[in-house]
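Here is a short briefing to read alongside your model. Take a look at the structure first, then work through the points below.

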Amino acid sequence: MHEDERSLFVEGRIYLALDKGMEAHILIQNGVLNSMSIGNDVVDCYYKGQVRCITRFNLWEISIVTFPANKFAEIMSVKKAEV
């Protein structure tokens with residue numbers, strides 16, 4: 001996980017040995033699931049006009065979701081399943 005020129009970039013692993021992991025992988029490959037969401041607490045921020053600039057936060061979880069809170073939180077790619 002790192003911050004890139006767009007936002008927070010996350011690379012993760014789906015555990016295909018679990019039924020829900022295999023299901024999520026198939027749904028992502030077929031474009032049914034294509035977004036992510038995070039659970040966090042903002043620790044410190046400032047405002048630049050109408051824009052909130054977050055300088056520090058606690059990240060609690062990252063989830064694959066159907067309807068993201070941030071429309072730009074998209075899954076960019078998924079590798080082929082290794083079973």
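Predicted model: local features only at pLDDT ≥ 70, side-chain atom pairs only at ≥ 80, totals over all residues.

Residues are numbered from 1 along each chain as its sequence is written, and side-chain values use heavy atoms, without hydrogens and water.

**Overall fold**
- The protein chain has one helix and four strands (DSSP runs, H or I of at least four residues for helices and E of at least two for strands, numbered from the N terminus).
- Along the sequence, these elements follow the pattern β-β-α-β-β.
- The C-alpha atoms fill a box of roughly 50 × 20 × 20 Å along the principal axes.
- Buried residues (under 20% relative accessible area with a 1.4 Å probe, protein chains only) make up 13% of the 83 residues.

**The hairpin**
- Strands S3 (35–48) and S4 (51–65) pair in the antiparallel sense over 13 bridges; pairing requires at least two DSSP bridges between two strands.
- Two residues lie between S3 and S4 in this hairpin, and Gly-49 in the turn has a positive phi of about 70°.
- Met-36 stands opposite Ile-64 in S4.

**The largest pocket**
- A pocket is an open set of points on a 1 Å grid over the protein atoms alone, where a 1.4 Å probe fits, with protein on both sides within 12 Å along at least five of seven lines; lining residues have an atom within 4 Å of a point.
- The lining of the largest pocket has 43 residues, and Leu-8, Phe-9, Val-10, Glu-11 and Met-36 lie nearest its centre.
- S4 gives the largest share of this lining, eight residues.

Notes: Buried < 20%, exposed > 50% of the residue type's maximum accessible area, 1.4 Å probe, protein only.
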